[in-house]
Amino acid sequence: MTPQTLILIGIDLAAALTLSLGLYYRRHHRRDLVVAFLGVNVGVLAVAAVLGTAEVALGLGLGIFGVLSIIRLRSSEISQREVAYYFASLAMGLMAGLPQTDPWPVAGLIVLLLVVLWAADHPAVLARSRHQVVRLDRAIADEGELRDELAERLGAQVTSLTMQELDLVNDTTLVDVRYRLGAVRRVSAGMR
């Protein structure tokens, strides 16, 4: 192994620990995904390093990256936020594992990934926006009435909604709703 390779492995391991423990776990407290992020990162790093030393086409390496990236679709449900951490972990391992003559541009890209995730997932960014799946104990077919009902119950401005299920037999409505806290829109003056 060249000194550049060892430097990149060190940078990658430090970045993977920062990503999974310093950023993700501190904010979201899911131990299982910390293990997944670290395992994927080191696994991709190892595969990329081996492929980088062999006479293998770049297409095969990218194909393996694609296969590794779809593994999560067959596992337990994770949020889009967690998908971003997952792909960052994959990307860092891939970048650090490929042979480089100068490790510092790769190190800069890894730092860029960490900074972007730190900023985009910061609790202060879009702090009032929320998403929830709500089951109402009433079947409401009219979208306007449904929007008003959700705004009142959630105490927030409904920004979008998708009716997932309207059960007229059991008199329930299942709605995927996105809303904004602190911006309640009054439906009418005569309400409660």
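In the residue classes used here, Ala, Val, Leu, Ile, Met, Phe, Trp, Tyr, Cys and Pro count as nonpolar, Asp, Glu, Lys and Arg as charged, and the others, Gly among them, as polar. By these classes, the lining of the largest pocket has nine nonpolar, five polar and five charged residues. The model is predicted, so that local features need pLDDT of at least 70 and side-chain atom pairs pLDDT 80 or more, whereas totals for chains, interfaces and linings use all residues. Residues are numbered from 1 along each chain as its sequence is written, and side-chain values use heavy atoms, with hydrogens and water left out.

**Pocket**

A pocket is an open set of points on a 1 Å grid over the protein atoms alone where a 1.4 Å probe fits, with protein on both sides within 12 Å along at least five of seven lines, and its lining residues have an atom within 4 Å of a point. The volume, which is the space filled by probe spheres set on points joined across faces, edges and corners, is about 650 Å³ for the largest pocket. Of the 19 residues that line this pocket, Arg81, Asp121, Val125, Leu126 and Ser129 lie nearest its centre. Helices (H or I, at least four residues) and strands (E, at least two) are DSSP runs numbered from the N terminus, and the elements tabulated below each supply at least two residues of the lining.

| Element | Residues |
|---|---|
| α1 | 3–28 |
| α4 | 80–97 |
| α5 | 103–120 |
| β1 | 129–136 |
| β3 | 172–181 |

**Helix pair**

Axes are lines fitted to C-alpha atoms, for helices over the stretch in contact, and angles run from 0 to 180 degrees between N-to-C directions. The axes of α4 and α5 come within 10 Å and cross at roughly 170 degrees; the two helices are therefore roughly antiparallel, a term for angles over 145 degrees. In their contact (heavy atoms within 4.5 Å), residues of α4 including Ala84, Tyr85 and Met92 meet residues of α5 including Val106, Leu109 and Leu117. The residues of this contact divide into 13 nonpolar, no polar and no charged.

**Sheet**

Strands pair if DSSP finds at least two bridges between them. An open sheet of three strands has the order β1-β3-β2 with antiparallel pairing, and its edge strands, β1 and β2, each pair on one side only. Strand β2 (residues 156–167) pairs with β3 over 10 bridges; Asp167 stands opposite Thr172, and Gln157 has Arg180 as its bridge partner. These two strands form a hairpin with four residues between them, where Asp171 in the turn has a positive phi of about 55 degrees. Helix α6 (residues 143–154) lies across β1, β2 and β3, running at about 120 degrees to β2.

Definitions and conventions. Angles under 35 degrees count as roughly parallel, over 145 as roughly antiparallel, 65 to 115 as roughly perpendicular and the rest as oblique.
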